[in-house]
Amino acid sequence: MIRFEQVAKRYAGGHEALADLSFQVPDGEMAFVTGHSGAGKSTLLKLIGLIERPSHGTIRVDERDLGKVRASGVPKWRRQLGMVFQDHRLLMDRSVFDNVELPLLIGGFAPAERARRVRAALEKLGLARYERQLPAALSTGEQQRVGIARAIVARPRILIADEPTGNLDPQLALEIMGLFGEVQQQGTTVLVASHDLPLIKRMRRRVIVLDHGRLVADLAAEEVR
Ligand code: ADP
């Protein structure tokens with residue numbers, strides 16, 4: 001369970017990105033976070049990843065107060081998370097295989113298990129033939145898929161994705177969202193920030209709507225149409 005309790009975030013410079021934000025996401029649920037550009041979607045996800053810290057309020061995951069995770073504990077916390085960014089953040093001097101293997105190396109998996117999981121993830125994302133390539137040799141959409149393979153390879157408890165389909169054509173975007181749906185069905189809690197309303201509607205999942213940092217709607221899957 002992810003729980004935001006009256007969370008606010010004010011960036012240095014005084015801009016209030018989130019205000020009085022309270023909601024919870026049960027384990028194993030998939031939810032979208034949507035809203036205009038600047039509504040606070042990225043900030044919300046960054047708070048879960050401890051990339052940013054709230055100015056007020058509490059974020060709990062299960063009963064754990066993320067505010068109590070110190071800087072030294074952040075890497076350990078992130079091992080439970082898969083994170084997908086709009087600008088994929090791949091290591092450009094490492095092969096596709098090496099990029100996807102990274103979370104497994106950090107997680108201490110044995111080499112044979114790492115290879116097995118990396119290949120399964122690449123296969124799933126239609127990237128098997130690029131295993132030895134550098135990311136620069138791939139298209140934007142393919143690079144984005146490498147980022148997604150890296151995020152799911154260690155089977156995280158929570159997957160957060162920030163505009164993961166922003167650079168993809170509609171067909172590929174739908175496939176990628178479908179893939180997140182599969183990840184959810186395997187028991188991962190999935191939170192996806194997206195402003196692609198037609199795509200969100202097709203997915204029929206819960207939708208949390210932000211407007212200028214405030215929660216203005218929280219639609220259950222069956223209310224989405
Ligand atoms: P979204 O993802 O919905 O586009 P963001 O969370 O990126 O929204 O941004 C919310 C608001 O916070 C915006 O007004 C943005 O300009 C501001 N903001 C985001 N990151 C920073 C930062 N590092 N420093 C200052 N302001 C920021």
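**Ligand, core and backbone**

A polar side-chain atom of His 15 is placed 2.8 Å from an oxygen atom of the ligand, a polar contact being a pair of N or O atoms within 3.5 Å. The model is predicted, with local features needing pLDDT of at least 70 and side-chain atom pairs counting only at pLDDT 80 or more, while totals for chains, interfaces and linings use all residues. Numbering runs from 1 along each chain as its sequence is written, and side-chain values use heavy atoms, leaving out hydrogens and water.

Trainee: What share of the ligand's exposed area does the protein bury?

Mentor: Besides His 15, the backbone takes part: a polar backbone atom of Gly 38 is 2.7 Å from a ligand oxygen atom, and one of Ala 39 is 3.1 Å from a ligand oxygen atom. Taken alone, the ligand exposes 560 Å² (Shrake-Rupley method, 1.4 Å probe). Of that area, the protein buries 64%.

Trainee: Which helix gives the largest share of the shell around the ligand?

Mentor: The residues around the ligand, each with a heavy atom within 4 Å of it, include Tyr 11, His 36, Lys 41, Ser 42 and Thr 43. By class, the shell has three nonpolar, seven polar and one charged residues, Gly being counted as polar. The largest share, three residues, comes from a DSSP run (H or I, at least four residues) spanning residues 41-48, helix α1.

Trainee: Which element gives the most residues to the largest nonpolar core?

Mentor: This core has 39 residues, and among those touching the most other members are Phe 32, Leu 159 and Phe 180. Its members are buried (under 20% relative accessible area) and joined through side-chain atoms within 4.5 Å. The elements giving two or more residues include β3, α3, β7 and α6. With seven residues, the most is given by α6.

Trainee: Where does His 212 lie?

Mentor: His 212 is not a glycine, yet its phi is positive, about 50°. Its relative accessibility is 58%, so His 212 counts as exposed (over 50%). His 212 lies in the loop between β9 (206-211) and β10 (214-219).

Key:
Polar contact = N/O pair within 3.5 Å; in protein donor to acceptor, adjacent residues only side chain to side chain. Buried < 20%, exposed > 50% of the residue type's maximum accessible area, 1.4 Å probe, protein only.
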